[in-house]
Amino acid sequence: MAKQVLSFGGDEDEEDDEGSKSSDDDSPPPAKKKKKFGKDPSVDTSFLPDQEREEAERKEREQLQAEWRAQQEKLKNEDISITYSYWDGTGHRKVAKMKKGNSVHDFLNTCMKDLRNQFTELRGVSTENLMYIKEDLIIPQHYTFYDFIVTKARGKSGPLFSFDVHDDVRMVNDANAEKHESHAGKVVCRSWYERNKHIFPCSRWEPYDPNKKWEIYTISDGPKPK
């Protein structure tokens, strides 16, 4: 009886075929080409960072700031006439020519040069010992007239930004309905003020506070009008 010879050749071929098929199945699929998208002109992109636009805006801001500063410097260099009274219990009306950018100290120094020739008691007094009273407020010497003009500052009895006084008649006015009339500021020797600060009108004077608002102009310390 003839013996059958076992052969594994066919199995090896089948395994090779299966191995090659499985290796083909495991290989990654070919990569798909990505589509390129263009900008949509209808979409607002102004909120996105843009170096060129930001640089242009910065230059525009700087130009506007430079123009504003130039305008303010021009305003500060404008001439202004300051009507005032040297006050020693009675008024002595004077006018000083100043620049809007000048400080109250500059103004008092100018006043002193003029007043010393007429009032001998001032010959030994320095500018620091003078006081400027405007609308019943004691104005510190470091402020400028420009400060009051640009802020439309108000005092107890009238506007602080008006210096060309036409009359000195006091009326009770609503500060919101601005009037052109203002009262002549007073130049006072500090030693005289200290002796008389309990007497009207000195008793009404108080230091200027830029944060304090005066809604009603008054000329006395009596009850405010309703």
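In this predicted model, the hairpin formed by β3 and β4 has 2 residues between its strands, and Glu-135 in that hairpin takes a positive phi near 50°. Strand β3, which covers residues 130-134, has 5 of its 5 residues buried, so this strand is largely enclosed by the rest of the structure.

**Strand β3 and its side chains**
- In a regular strand, side chains alternate between the two faces of the sheet.
- Leu-130, Tyr-132 and Lys-134 point one way from β3, while Met-131 and Ile-133 point the other way, and every one of these residues is buried.

**Partners of β3**
- Strand β4, made of residues 137-139, runs antiparallel to β3 and is joined to it by 3 bridges, with Ile-133 standing opposite Ile-138 of β4.
- Strand β5, made of residues 185-189, also pairs with β3 in the antiparallel sense, over 4 bridges, and here Leu-130 stands opposite Cys-189 of β5.

**The sheet and helix α3**
- The open sheet contains 6 strands in the order β2-β1-β5-β3-β4-β6, and its pairing is mixed.
- At the edges lie β2 (91-99) and β6 (206-207), each of which pairs on one side only.
- Helix α3, residues 104-115, packs on this sheet and touches β1 (79-87), β2, β3, β4 and β5, while its direction makes about 125° with that of β2.

**The largest nonpolar core**
- The largest nonpolar core has 40 residues, and among these Phe-107, Leu-122, Tyr-132 and Val-187 touch the most other members.
- At least two residues of this core come from each of β1, β2, α3, β3, β4, α4 (145-151), β5 and α5 (190-196), and α3 gives the most, with 6 residues.
- Tyr-132, once its neighbours within four places in sequence are left aside, is in contact with residues including Phe-107, Leu-108, Phe-145 and Phe-163, as well as Leu-137, Ile-138 and Ile-139, and Gly-185, Lys-186 and Val-187.

How values were computed
Residues numbered from 1 in each chain as written. Predicted model: local features only at pLDDT ≥ 70, side-chain atom pairs only at ≥ 80, totals over all residues. Heavy atoms only, no water. Buried < 20%, exposed > 50% of the residue type's maximum accessible area, 1.4 Å probe, protein only. Pairing = 2+ DSSP bridges. Contact = heavy atoms within 4.5 Å. Axes fitted to C-alpha atoms, helices over the stretch in contact; angles between N-to-C directions. Core = buried A, V, L, I, M, F, W, Y, C linked by side-chain atoms within 4.5 Å.
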